[in-house]
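Let's take a walk through a protein together, starting at one spot and then stepping back to see the whole. Keep the picture open while you read.

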Amino acid sequence: MSRILIADDDHTICSLFSLDCENKNDDTIVSAAGSGQEAIDAIDRLQPEVLVLDLRMSKGDGFEVLDHLKKIGSTMPVVVLTNYKNETYEARCKEYGVREYMIKHEHPISRIVDTVHSYLLA
């Protein structure tokens, strides 16, 4: 049983991601967090194998989550899923070891799910 955490304050994205994962009909559990603090709490509690992370959220942004992962020494693959095509953000994410930096409107949800699942198989 694999665990994926999606941290995004856009409930539609979380629902579509979860639904597409369910349609793959595998043993993956998808949990959602709507803020940075919820993501940090869920990471500590659930210990997911992969994190899908939005950067701009209320109550703690994605960079605070990345700081937390660094503090706990996590090597969990992180896929950033954002609306911001921003070279500074992308460079900062690479410094944290983010595996993928994906712009929401540039990729269909099925491609995003396939990318995330590829890290479960690695």
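Leaving aside its neighbours within four places in sequence, which residues is aspartate 54 in contact with? Contact here means heavy atoms within 4.5 Å. By that rule, and with those sequence neighbours set aside, aspartate 54 touches Ala7, Asp8, Asp9, Gly62, Leu81, Thr82 and Lys104. You'll find aspartate 54 in the loop between strand 3 and helix 3. Its relative accessibility is 4%, so aspartate 54 counts as buried. The scale works like this: buried means under 20% relative accessible area, exposed means over 50%, and partly exposed is in between, with a 1.4 Å probe and protein chains only.

Before going further, a word on what you're looking at. This is a predicted model, where local features need pLDDT of at least 70 and side-chain atom pairs count only at pLDDT 80 or more, while totals for chains, interfaces and linings use all residues. Residues are numbered from 1 along each chain as its sequence is written, and side-chain values use heavy atoms, with hydrogens and water left out.

That pLDDT is the predictor's confidence in each residue, from 0 to 100. For this protein the mean is 92, and 99% of the residues reach 70 or more. Among the elements, helix 1 (residues 11–23) has the lowest mean pLDDT, 84, and helix 3 (residues 62–71) has the highest, 97. Why care? Where pLDDT is low, the predicted coordinates should not be read in detail.

Now step back to the overall layout. The protein has 5 helices and 5 strands; helices (H or I, at least four residues) and strands (E, at least two) are DSSP runs, numbered from the N terminus. Follow the sequence along and the pattern reads β-α-β-α-β-α-β-α-β-α.

Of the 122 residues, 44% are buried. And if you take the contacts between residues at least 6 apart in sequence, 67% of them join residues at least 24 apart.

Back to the neighbourhood where we began. Glycine 62, one of the residues touching aspartate 54, sits in helix 3. At 0% relative accessibility, glycine 62 counts as buried. Again leaving out neighbours within four places in sequence, glycine 62 is in contact with Leu53, Asp54, Leu55 and Met57. Phenylalanine 17 is another story: it is 45 residues from glycine 62 in sequence and 18 Å away in space, C-alpha to C-alpha.

The loop between strand 3 and helix 3 also holds lysine 59. Lysine 59 is exposed, with a relative accessible area of 69%. Its backbone is worth a look too: phi is near 50°, a positive value in a residue other than glycine. Most residues other than glycine have a negative phi.

Glutamine 47 has a positive phi as well, about 50°, although it is not a glycine. This residue belongs to the loop between helix 2 (36–46) and strand 3 (50–53). With a relative accessible area of 61%, glutamine 47 is exposed.

Alanine 91, in helix 4 (residues 87–95), is partly exposed, with a relative accessible area of 40%. Tyrosine 101 is 10 residues from alanine 91 along the chain, and their C-alpha atoms are separated by 9.6 Å. Serine 118 is in helix 5 (residues 109–121), and at 36% relative accessibility it counts as partly exposed. Valine 50 is 68 residues away from serine 118 along the chain, yet their C-alpha atoms are separated by 9.9 Å.
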